[in-house]
Amino acid sequence: MIRAENVTVRFGGVVAVNDVSMHVEKGKVTGLIGPNGAGKTTLFNTINGVQKTPEGHVYFEGKEITNGKGYKLCEAGISRTYQQINLFLSMSVLNNVMIGQHCRIPYGLVGSLFHTPKMRRQEQAAREECIKCLELVGMADKKDLPAGALAYGEQRLIEIARALATKPKVLLLDEPAAGMNATEKLTLNNIIQNITKMGITVLIIEHDMAVIMEISDYVYVMDDGHLIAEGTPVEVQNNPAVIAAYLGGA
Amino acid sequence: MLTRFKTYTTQEKVTRCAILALAVVLLVLPLFVTNSYRLYFFSMIGVYIIAASGLDVLVGMSGQMSFGHIAFLAYGGYISVLLSNYTGIPVIICMIIAAFASAGIGMVIAVPCAKLRAQFLVLATIAFSFFTYQLICNLHFLNPYRGLYTEHMVLFGLDLNSDYRYTYYFSFALVAIVLVLKSLLSKSKAGRAMMAVRDNSRSADGMGINVRHYKVLAFAISAFLCGFAGAYMAHLTGFIVSDSFVQPLSFNFVLMIIFGGTNTVFGPVIGAFMYQLLNELLASAQAWRSVLYGVIVLIFIAFLPGGCVAGLRRAGRGLAKLIDKNQAGKETARNDKS
């Protein structure tokens, strides 16, 4: 589904991502783990076009998307959530999710200005779709609140709903469990499992080993810009290089 | 319509009643105010409301600041006047053509401007309005220092300029159309996209919004409205001169939306009224006027950043609560009796 080949990203003298190749398989949950500063988010940014790089290639469904434009990749079916909350804080929860539907709503400027019958129909359909997405993350009852009024964990769930509203083929989740308590993490696991049941491929960055071990089918481990291990969760867990990276041993 | 009204919450009812009351007052006003200057004064407020609404699409909705929008009034005004003076196309149509031309200019300006961040964008818009003013001053066929006389607006055989009561109602109708369209825009895909760009352009991009496209669109819409306002102003006053388009006048529209409240439908209305009233009241203060404006703006930014509309909303919410409480009280009293 997504294939990264020899991707390297440099910030001045620092090599944030060093010659990383990985493959996200269709319909599976792929995990990306590693200590802070390993370059996971930078790799994510490269995949969805936020970070440009002259080195390496990224393919999506066989087509090259290296250094693509964010909004075009979203249209093509790559959606994401952010490590730092990136909601539209002054807008209502529902309108945030409606932004996700933006590229799936066909009407144009004339519809926007005159609210033609066609526009009303499409708007209604989009609203229903968004409410479904909100129901999936259990936030439908908060749809009229301003996004900025929600708790941190709830805002993360809204980000997932917004990403789902773009009707993605691949969903990139950047540390979705950060700042969540144990119960919220459990709900999150369920949500991610439901998302894969919908046929959406998931690539997830996570610090929480419990979350990643339970939900992912295949795991990549990064440290200091390098890929140091890959395999099934069990294989990775017992890999000495991974243990060393996490526990700081030599 | 009445059945639909019953489904609204008390707060929505309060808001709608207030808007209706305002509209009725403004509609019957010319029956009581017959002074021609006063009616002209009110017609002029229409111009300001349209221009401020245009600026608000850019500033309030899409989050791009401009201190140079007077330039679009200049383009709209001069294009409409030249067209009507030299071609004989009906003035109303000239005004619409001028508005579209102004939107085109806005788009051309927006393409480079969409890449600029806050303070650089502001500088670019200031430069744009200086450029426009100098351009007008150097085009001698515009007779920039003495001005040009303009044609009368004729709508279905009625000469609007013959009586300021006509222009008053024409202003009213134009403002109503602009406000309705702006409110529809804010509840649509394009309006939402602009607000998303304003709140967080990076994640708007990630969510499939072509950020540049919507920044340019916001510029075009605001230039359209300002261009139209400029054209209307020129035909309303019957005269167009370069001095009406000096850069500092751009600040007036910024003042109006700060007074009224950004990203609201009625903010520019309240702002324009307040601005005109203050102008009249402070006329005797002369040089002190700008100082007073400065103080008032600071007060607004510090204590009422949402403008008058935010204050009125708060008042409306309070009133709605009071009505709800009153009704609930009556109901319990009735239940107690039975």
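## A tour of the contact between chains A and B

Begin with both chains in view: between chain B and chain A there is one salt bridge (a side-chain nitrogen of Lys or Arg within 4 Å of a carboxyl oxygen of Asp or Glu). This is a predicted model, in which local features need pLDDT of at least 70 and side-chain atom pairs count only at pLDDT 80 or more, while totals for chains, interfaces and linings use all residues. Residues are numbered from 1 along each chain as its sequence is written, chains are lettered from A in the order in which they are written, and side-chain values use heavy atoms, with hydrogens and water left out.

**Stop 1: the bridge.** Select A:Glu123 and B:Arg192, whose side chains form the salt bridge, 2.7 Å from N to O.

**Stop 2: the side of chain B.** Four helices of chain B, α7 (164–186), α8 (189–199), α9 (201–206) and α10 (211–237), each supply at least two residues of the side that touches chain A (helices are DSSP runs of H or I with at least four residues, numbered from the N terminus). Color α8(B) next: it gives the most to this side, with eight residues.

**Stop 3: the whole contact.** Now show the 35 residues from chain A and the 26 residues from chain B that take part (contact means heavy atoms within 4.5 Å). About 2500 Å² is buried between the two chains, and carbon and sulfur atoms give 60% of that (buried area is the accessible area, with a 1.4 Å probe, that two parts lose on being put together, summed over both).

**Stop 4: within chain A.** Widen the view, and the whole structure holds 14 salt bridges over all chains. For one of them, select A:Lys167 and A:Glu129, with their closest N and O atoms 3.7 Å apart. A:Lys167 lies in the loop between α6 (152–165) and β7 (170–174) of chain A and A:Glu129 in helix α5 (residues 117–136) of chain A, so the pair ties together parts 38 residues apart in sequence (strands are DSSP runs of E with at least two residues).
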